[in-house]
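This briefing concerns the secondary-structure packing of the chain shown below. Please read it alongside the sequence and the coordinates.

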Amino acid sequence: MTLNDDSFTDWKNREEIAESMIPMIGKLHRERDVTILLHSRSLVNKSVVSILKTHRFARQIAGEELSVTETLPFLQALTTLDLGPSQIDIGMLAATYRADDRGLSVVDFTAEAVAGAAGANKIDRREPRDVVLYGFGRIGRLVARLLIEKSGSGNGLRLRAVVVRGGGDQDLVKRASLLRRDSVHGQFQGTITVDEANNKIIANGNEITVIYADDPTEVDYTAYGISNAILIDNTGKWRDREGLAKHLRPGVDKVVLTAPGKGDVPNIVHGVNHDTIKPDERILSCASCTTNAIVPPLKAMADEYGVLRGHVETVHSFTNDQNLLDNYHKADRRGRSAPLNMVITETGAASAVAKALPDLKAPITGSSIRVPVPDVSIAILSLRLGRETSRDEVLEYLREVSLTSPLKRQIDFTTAPDAVSMDFIGSRHASIIDAGATKVDGDNAILYLWYDNEFGYSCQVVRVVQHVSGVEYPTYPAPAV
C-alpha cells in the first residue's frame, strides 16, 4: 500500500467517526439542551467535513491537531450521563484529561469534569422566552439566523416576531428571500416558507410574525400572543433611554440596542461586563462591533501587564450607512462612494471603552478608515504597557486566554501566516488575534485584531440576550479564572 493509500484510508476512517458523532451531538442538543463545543466552536448541526475541519483548526490554537479518535470517547461518555442544560467543550475535556495524571478512565474523568451539569446538580430547563426583532437589516437578519439555529429543543429563546415598515407589494416574500440568501454569509441552513395569509415567515419550523409599524408606540405585542419578550432594536434610530423606552409596550419586558447607547444606557460587552447588568434593568446596549472587538483583548492585556495608554485604529468594511456612488450624506466623507474609496471617519469605540471597563483609567484614543470590502474589519490596538515584556510571552499569554479563560468565547487566536479578511467571515468570536502580525518592543505592544463586524457582533448580541433572559447555560469544563 502506498503512502497516499494510507492517508486516504485514515481520512475515510475519520469521516466514519465524525459521522457517528452527529446523532449523539444532535440528540444531546434536542433532548437535553446540551451544546457540544470544540474549543468554543459549536458542533451542533455541523456536517462531517465541518466537524473534521474544526478538529484540525485546533492545531492553530492548541499547537497540534485534535483527532476525532481522541474526542469521541468523551462524547460517548456524555451520552451516558444524566445531563441538564449546558455547554460542554469536548476539546477542553480532551486537553485537561491529557494533563491529568490520576489514571482515571475517560468515563470517570468526564463525569467528574461535568458534575455541575449532571444528576442532582443539573439546572432545570427554562421556559421559552419570547424575542422580538425591531428592524430586519444586516444585523437583524443575522440575529434571526442565530436565534433560529439555537432554538434547539424549543426551550430557551424563541423568535416570535419581526417589526418593519411596510414595503409594498411582495414585501413578505422579499424579506424572506433576504433571510434565505445572503451575498456575504451564504445560504440559510434550513428551510424557509412564507405564509402570506397570516403575515408569517416559517424558518425551520419557527413561526415568525411580521408586524408592520412606523413607530414603536403603534404595537401591542400581546395581540400577537407575545409576552415578557426581549425586544432587540436593530435600527439604531433611538439610542438614549427616553427613545428606547418607546419599545416598552404591552408584551415587552426588556429592550436591547445593537448600537452604542447614549446617556445612562449601560453599554454591555459580553464576557467583560455582562455580569454588571442589574436584574431590574429594562434598557441596555450591546455597544458597537468595534467596541466588542477591542475591549476583551484590552481587558486581558490590562489584567496581565497593566495598560498606561492606548490608541485603536480600525480598518472597517463599508456599511449600508455609506453611499454606493457619490451622493449627499449628512456626515463628512461618507457621501463618497463606499466601494471605490478608503474613507476616513470617526469611531466611538475608544470612548465606549470607559463604559465597559470603568476601572481602566488609561486614556484610549481612536480613529477609523472605511475600506471597500463588504465584511470583516481589523482593529490595530497600540498599547503602552505597565511593564516590559516580550513578543513570545504576550503571544503565549493571549493563546492561553483564547483557550481556557472566561474570555475564550470572545477572543480567538490564529497563527495562519497567510490569513486575510475573508478568512474570518462567519467567525463567532468578537475578536481574533493575529499572532503573525503582533509586535512587542519592551513596554509597547501592537495587536492586530480581526473581527466579523456583522456575524461576530451578532453572536455577542445573542449572548447578552441569553444572559438577561436567564438561558445562558454554564460551560464545562469551567474556564480558568
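**Helix and sheet packing**

Helices α3 and α4 are roughly perpendicular to each other, a label given to angles of 65 to 115 degrees. This is a predicted model in which local features need pLDDT of at least 70 and side-chain atom pairs count only at pLDDT 80 or more, while totals for chains, interfaces and linings use all residues. Residues are numbered from 1 along each chain as its sequence is written, and side-chain values use heavy atoms, without hydrogens or water.

**The α3–α4 pair**

- Helix α3 spans residues 68-79 and helix α4 residues 90-99; they pack at about 110°, with axes 9 Å apart.
- Axes are lines fitted to C-alpha atoms, for helices over the stretch in contact, and angles run from 0 to 180 degrees between N-to-C directions.
- Helices (H or I, at least four residues) and strands (E, at least two) are DSSP runs, numbered from the N terminus.
- Glu70, Thr71, Phe74, Leu75 and Leu78 of α3 meet Ile90, Leu93, Ala94, Tyr97 and Arg98 of α4, contact meaning heavy atoms within 4.5 Å.

**The open sheet**

- Seven strands form an open sheet with mixed pairing, in the order β15-β16-β14-β17-β20-β19-β18; strands pair if DSSP finds at least two bridges between them.
- At the edges, β15 (343-345) and β18 (411-414) each pair on one side only.
- The twist from one strand to the next averages 25°.
- Helix α11 (residues 391-404) packs on the sheet and touches β17 (377-389), β18, β19 (431-434) and β20 (439-451); the direction of α11 makes about 130° with that of β18.
- Strands β14 (residues 307-317) and β16 (residues 364-371) run parallel, joined by 8 bridges.
- Val315 has Ile369 in β16 as its bridge partner.

Definitions and conventions: Angles under 35 degrees count as roughly parallel, over 145 as roughly antiparallel, 65 to 115 as roughly perpendicular and the rest as oblique.
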